Amino acid sequence: MSPYPRTRLRRLRENAALREALRENSLETRRLVMPVFVIPGRGKEETDPRLPGIIRASADRIPYLVERALGVGVISFLLFGVPGKKSPRGEVALSGENPLPAALKGVKQRFPETVLAADVCLCSFTESGHCGVLVEGRVDNDRTLEILSAYAVLAAESGADVVAPSAMMDGMVQIIREALDERGLGGTLIMPYSAKFASSLYAPFREAASSAPVFGDRRGYQLPTANGREALRELLADEEEGADILMIKPALPYLDLLSEARRRTLLPLAAYHVSGEYAMVKAAAREGHLEEMEVAEELFLSLFRAGADLVITYHALEVAEWRARQ
Ligand code: PBG
Ligand code: ZN
């Protein structure tokens, strides 16, 4: 017996070549999904102090943003339509007031090699700011499904490869799958926001997407932040209904669910590192407390380690540009 300690774990990481050879996970740009906000008008680009570094652009400008991201290896995009007008039930999502279809068409035509996902929800379109149709002051599940599935079909017809319903309505995956298949859109993927929590970390996004509820909150449809088992039921139900990719949102506070979901399903998993999570890193970096890119890499590695295949992040472009320079 050799003298204590016989176990020499440090041998494995003694030099850079060993560390590189034995690295278990990497931050790969191809796995990052870039959120894109589409606003009405032409030739418009805006920034928002609440989401620093994020550009909201009109449909005609979106292909330039995409081109820049493609140039550094980002291939997937999640588009949000921010309309000029709202309506009581959110049907403006289906009208010319919604700049999303034009953006999808423009990008798909110029860059067919992208993976284009469309957020499908009503909260940017309803006067109430809720994710669905109100009946007697409460979001009505089945009335919401009708508009949601029509919106999913419109997005798919406009060029979305993936529709991402985020309203947390029961049965939304199944009804969208049926609607797509009926229209000959059987090749369109569905990536529901399956485990979407009623989180306080969405505040910056709600400004950028103009989607804050006018009254009340989303606790009647989004998940209680304390409940892990209930979140798993949502994930498994979406798989059962025919989802192609499952999403967990927010990301870092729900790592337990990501790793549990990884054990329980064979579907690809997406983690959405949301606007509030992004804002925390940005603010700390601005104060000089953190090395932003290194922190971002460490955070995203935790998501990949836990089982994410895709990470949706406002850092996508900046991290991709940083990695391309290395
Ligand atoms: C809307 C939607 C939200 C986000 C994505 N889609 C906000 C919400 O549910 O209020 C949050 C994204 C983020 O904070 O980055 N259904
Ligand atoms: Zn919504």
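**Exercise 1. Which helix supplies the largest share of the lining of the largest pocket?**

Before you start: the model here is a predicted one.

*Step 1.* Find the pocket. The largest pocket has a volume of about 360 Å³.

*Step 2.* The lining is made of Leu-12, Arg-13, Arg-19, Glu-20, Leu-22, Arg-23, Glu-24, Asn-25, Glu-297, Glu-298, Leu-301 and Arg-305.

*Step 3.* H10 contributes the largest share, with four residues.

*Step 4.* Sorted by class, the lining has eight charged, three nonpolar and one polar residue.

**Exercise 2. Stay with H10 and work out how it sits against helix H11 (residues 316-325).**

*Step 1.* Read them off. H10 and H11 pack at about 105 degrees, and their axes are 11 Å apart.

*Step 2.* Angles of 65 to 115 degrees count as roughly perpendicular, so H10 and H11 are roughly perpendicular to each other.

*Step 3.* List who touches whom. From H10 come Glu-292, Met-293, Glu-294, Ala-296, Glu-297 and Phe-300, and from H11 come Glu-318, Val-319, Trp-322 and Arg-323.

*Step 4.* Sort the contact. It splits into five nonpolar and five charged residues, with no polar ones. Notice that Glu-297 turns up in this contact and also in the lining of the largest pocket.

**Exercise 3. Describe two other helix pairs, H4 with H5 and H7 with H8, and set their contacts side by side.**

*Step 1.* Take helix H4 (residues 141-157) and H5. Their axes come within 9 Å and cross at roughly 45 degrees. That angle makes H4 oblique to H5, and the crossing is right-handed.

*Step 2.* Name the residues that meet. H4 brings Leu-145, Leu-148, Ser-149, Ala-152, Val-153 and Ala-156, while H5 brings Met-172, Ile-175, Ile-176, Ala-179 and Leu-180. By class that is ten nonpolar, one polar and no charged residues.

*Step 3.* Now take helix H7 (residues 228-241) and helix H8 (residues 255-264). Here the axes come within 11 Å and cross at roughly 45 degrees. H7 and H8 are therefore oblique to each other, with a right-handed crossing.

*Step 4.* Name this second set. Gly-228, Ala-231, Leu-232, Leu-235 and Leu-236 of H7 meet Leu-257, Glu-260, Ala-261 and Arg-264 of H8. The classes are six nonpolar, one polar and two charged.

*Step 5.* The contact of H4 with H5 has no charged residues, whereas the contact of H7 with H8 has two.

**Exercise 4. How many cavities of 30 Å³ or more does a search of the whole structure find?**

*Step 1.* Count them. The search turns up two.

*Step 2.* Start with the largest cavity, which holds about 170 Å³ of space. It has 19 lining residues, and Asp-119, Cys-123, Ser-166, Phe-205 and Ser-211 lie nearest its centre. Strand E4 (76-81) and helix H6 (203-208) each give at least two residues to the lining, which divides into nine nonpolar, five polar and five charged.

*Step 3.* Go on to the second largest cavity, at about 40 Å³. Its lining is Phe-80, Tyr-193, Tyr-202, Phe-205, Lys-249, Tyr-272, Val-274, Ser-275 and Tyr-314. Seven of those are nonpolar, one is polar and one is charged.

Conventions: Residues numbered from 1 in each chain as written. Chains lettered and ligands numbered in written order. Predicted model: local features only at pLDDT ≥ 70, side-chain atom pairs only at ≥ 80, totals over all residues. Heavy atoms only, no water. Axes fitted to C-alpha atoms, helices over the stretch in contact; angles between N-to-C directions. Parallel < 35°, antiparallel > 145°, perpendicular 65-115°, else oblique. Left-handed = near helix turned anticlockwise from the far one by under 90°. Contact = heavy atoms within 4.5 Å. Nonpolar A, V, L, I, M, F, W, Y, C, P; charged D, E, K, R; others polar. 1 Å grid on protein atoms, 1.4 Å probe; cavity = no way out; pocket = protein on both sides within 12 Å on 5 of 7 lines; lining within 4 Å. Points joined across faces, edges and corners; volume = space filled by probe spheres on them.
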